[in-house]
Amino acid sequence: MAEQVPTLYEWIGGMPALVRLTERFYERVRSDAILAPIFAEMDAAHPRHVAEFLAEVMGGPSEYSASRGGHPHMVQRHFNRHLTQAQRRAWVALLLDTA
């Protein structure tokens, strides 16, 4: 019998791993000169929402779509933020460093 290939979600450790990642990431965001001002008014539930979004994108449960409206909702929340390329790069770099 062929072994089933795990989803990326399963491979990284599921929701517990994503929650740890996003909580630690947003802790680090608070002290980042480029990112802290963007997230100064961040809701305490934001890291969990991001974890749910990442989980769904990586083949995990569809909680984000069921409770938050999926990818269209995420895009709408970020559409008029007028983020700079430097801010986008800082976000990705810090997320990768945190991981």
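**View 1. Gln 87, a buried residue of helix H6.** Gln 87 has a relative accessible area of 18%, so it counts as buried (buried is under 20% relative accessible area, exposed over 50% and partly exposed in between, with a 1.4 Å probe and protein chains only). Its helix is H6, residues 85-98 (helices are DSSP runs of H or I with at least four residues, and strands are E runs of at least two, numbered from the N terminus). Leaving aside residues up to four places away in sequence, Gln 87 touches Ile 34, Leu 35, Ile 38 and His 82 (contact means heavy atoms within 4.5 Å). A word on the source: this is a predicted model, where local features need pLDDT of at least 70 and side-chain atom pairs count only at pLDDT 80 or more, while totals for chains, interfaces and linings use all residues. Numbering runs from 1 along each chain as its sequence is written, and side-chain values use heavy atoms, with hydrogens and water left out.

**View 2. An aromatic cluster of Phe 25, Tyr 26, Phe 39 and Trp 91.** Searching the whole structure turns up four aromatic pairs (rings of Phe, Tyr and Trp, the last by its six-membered ring, pair if their centres lie within 6.5 Å; planes under 30 degrees apart are stacked, over 60 edge-to-face, the rest tilted). Among them, Phe 25 and Trp 91 have ring centres 5.2 Å apart and planes at 75 degrees, so they meet edge-to-face. That pair ties together distant parts of the chain, with Phe 25 in helix H2 and Trp 91 in helix H6, 66 residues apart. Phe 25 is buried at 1% relative accessible area, whereas Trp 91 is partly exposed at 26%. Tyr 26 and Phe 39 are edge-to-face too, because their ring centres sit 5.4 Å apart with planes at 65 degrees. Here Tyr 26 is in helix H2 and Phe 39 in the loop between H2 and H3, 13 residues apart. Tyr 26 is buried at 2%, and Phe 39 is buried at 18%.

**View 3. Helix H3 and what covers it.** The buried residues of H3 are Pro 47, Val 50, Ala 51, Glu 52, Phe 53, Leu 54 and Ala 55. Their cover includes H1, H2 (14-29), H4 (63-68) and H5 (70-78). After H3 comes Gly 59, with a positive phi near 95 degrees.

**View 4. Glu 10 in helix H1.** Glu 10 is partly exposed, at 48% relative accessible area. Gly 60 is 50 residues from Glu 10 in sequence, yet their C-alpha atoms are 7.4 Å apart in space.
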